[in-house]
Amino acid sequence: MVQKRSVGMNIVLTLVTLGIYGLYWMTTLNTDVAQECGEPPIISNGMLVLLTIVTCGIYMVYWAYKQGERLERVRAAKGKPAGSLPVLYLVLALVFFIVGLALMQNEVNENIA
């Protein structure tokens with residue numbers, strides 16, 4: 001079962017740990033969204049962290065886009081209007097990724113948990 005997580009606390013922990021907690025936060029989002037979709041995760045959590053580090057965040061941009069696609073499907077299944085989450089998360093991943101993670105978590109809290 002997916003649990004609600006505090007967006008504010010995740011942001012604070014990410015900032016305090018200089019981004020290390022943000023990697024963990026990504027893995028929890030990866031798992032939670034996959035559970036709700038009934039599909040395997042986009043990539044295993046270990047590979048997600050490894051590729052994000054090795055590519056200096058470039059893989060994170062692709063992952064954010066794919067997460068947006070999955071969250072759009074979750075929204076559609078709940079009868080909510082479609083938006084442009086993939087594009088939004090893509091842009092935020094390029095500019096300020098912590099905001100993208102916060103919006104993803106908010107979406108998970110509203111539609112899944």
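Q: Why is Cys 56 called exposed?
A: In this predicted model, Cys 56 has a relative accessible area of 72%. Exposed means over 50%, so Cys 56 is exposed.

Q: What makes Cys 37 partly exposed?
A: The relative accessibility of Cys 37 is 22%. Buried requires a value under 20% and exposed one over 50%; Cys 37 therefore counts as partly exposed.

Q: How many disulfides are counted?
A: The count is zero, the criterion being a pair of cysteine sulfur atoms within 2.5 Å.

Q: Why is Met 1 classed as exposed?
A: Its relative accessible area is 95%, and the class begins over 50%, so Met 1 is exposed. Met 1 is placed in the segment before helix H1 (7-16).

Q: What makes Tyr 21 and Tyr 24 an aromatic pair, and why is the pair called tilted?
A: The ring centres of Tyr 21 and Tyr 24 are 5.4 Å apart, with 50° between the planes.

Q: Why is the pair of Tyr 59 and Tyr 62 called tilted?
A: The planes of Tyr 59 and Tyr 62 stand at 50°, with the ring centres 5.6 Å apart, so the pair is tilted.

Q: Why is Tyr 59 called buried, but Tyr 62 partly exposed?
A: Tyr 59 has 15% relative accessibility, and buried means under 20%, so Tyr 59 is buried. Tyr 62, at 43%, falls between 20% and 50% and is therefore partly exposed.

Note on methods. Residues are numbered from 1 along each chain as its sequence is written. This is a predicted model: local features need pLDDT of at least 70, side-chain atom pairs count only at pLDDT 80 or more; totals for chains, interfaces and linings use all residues. Side-chain values use heavy atoms; hydrogens and water are left out. Buried means under 20% relative accessible area, exposed over 50%, partly exposed in between (1.4 Å probe, protein chains only). Helices (H or I, at least four residues) and strands (E, at least two) are DSSP runs, numbered from the N terminus. Rings of Phe, Tyr and Trp (its six-membered ring) pair if their centres lie within 6.5 Å; planes under 30 degrees apart count as stacked, over 60 as edge-to-face and the rest as tilted.
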